[in-house]
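Keep the 3D view open and turn it as you read.

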Amino acid sequence: MSDLSQSNLNSLEMTARTAAAYLDACDGGAKYIRLDPDYYKACGKLLMTLFSAVDAAHAFPNLAEESAAARDVIKSIEIGRHLEISRLAYYPELAIIMNRASV
């Protein structure tokens, strides 16, 4: 991804903060939030997309500190990257099988 300006990062953070707040509220059982499964899923997907595009822990440290949902997404992306590296480096046969299965 190309370098983002601070203004771009601020806009992405506000979007991520809104999505994370909804996820946190739903996960926390907030009575003032109506759970909409499609919106919940969309918020999770949005966080995954944003956090995959930028180093969220570095770009949005306050959000990562304040939001359990943001931390969970950051951690899942890290785990996915570690698995991908391990799979390609240590299990090339598994990588071939998984690539065939995903087609």
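Let's start with Glu-13, which lies in helix α1. Keep in mind that what you're looking at is a predicted model. Is Glu-13 buried or exposed? Glu-13 is buried, because its relative accessible area is 16% and the cut-off for buried is under 20%. If you skip the neighbours within four places in sequence, Glu-13 is in contact with Phe-60 and Leu-63.

Glu-13 also has a charged partner. Side chains of opposite charge can pair when their charged atoms come close. Here Arg-17 forms a salt bridge with Glu-13, and the closest N and O atoms are 3.1 Å apart. Both residues sit in helix α1, four residues apart, which is about one turn of the helix. An α-helix has 3.6 residues a turn, so residues three or four places apart point the same way. Arg-17 counts as partly exposed, because its relative accessibility is 25%.

Arg-17 has another partner too: its side chain meets that of Glu-66 in a salt bridge, at 2.7 Å from N to O. This pair links distant parts of the chain, with Arg-17 in helix α1 and Glu-66 in helix α4, 49 residues apart. Glu-66 is exposed, since its relative accessible area is 54%. Salt bridges that share partners join Glu-13, Arg-17 and Glu-66 into one network. How many salt bridges does the structure hold? The count is two.

Now step back and look at helix α1 as a whole. It covers residues 6-27, so 22 residues, and reaches 30 Å from its first C-alpha to its last, close to the 32 Å expected at 1.5 Å a residue. Several of its residues are buried, including Leu-9, Ala-16, Tyr-22 and Leu-23. After the helix comes Gly-29, with a positive phi near 75°.

Next, go inside. The largest nonpolar core has 21 residues, and those with the most contacts inside it are Ala-16, Leu-47, Phe-51, Phe-60 and Leu-63. Helices α1, α2 (37-53), α4 (61-66) and α5 (68-90) are the elements that give two or more residues to this core. Which of them gives the largest share? That's α1, with seven residues. Take a look at Phe-60: not counting residues up to four places away in sequence, Phe-60 touches Leu-9, Leu-12, Glu-13, Phe-51 and Val-54.

Leaving out residues up to four places away, Ala-20 touches Leu-47, Leu-63, Ser-67 and Ala-69. The C-alpha atoms of Ala-20 and Ala-69 are separated by 5.6 Å, although the two are 49 residues apart along the chain. Further along α1 you'll find Cys-26, which counts as buried because its relative accessibility is 18%. With residues up to four places away set aside, Cys-26 touches Ile-33, Leu-35 and Tyr-40.

Finally, head out to the surface. Tyr-90, Tyr-91, Leu-94 and Met-98 form a nonpolar patch there, with about 460 Å² of accessible area together. Met-98 belongs to helix α6 (residues 92-102). Met-98 counts as partly exposed, because its relative accessibility is 40%.

Methods: Residues are numbered from 1 along each chain as its sequence is written. This is a predicted model: local features need pLDDT of at least 70, side-chain atom pairs count only at pLDDT 80 or more; totals for chains, interfaces and linings use all residues. Side-chain values use heavy atoms; hydrogens and water are left out. Buried means under 20% relative accessible area, exposed over 50%, partly exposed in between (1.4 Å probe, protein chains only). Contact means heavy atoms within 4.5 Å. Patches are made of residues with over 30% relative accessible area and no salt bridge: like charges are joined within 9 Å, nonpolar side chains (Val, Leu, Ile, Met, Phe, Trp, Tyr) within 5 Å. Accessible areas come from the Shrake-Rupley method with a 1.4 Å probe; for residues, only the protein chains shown count as cover. A salt bridge is a side-chain nitrogen of Lys or Arg within 4 Å of a carboxyl oxygen of Asp or Glu. A nonpolar core is a set of buried Ala, Val, Leu, Ile, Met, Phe, Trp, Tyr and Cys residues joined through side-chain atoms within 4.5 Å.
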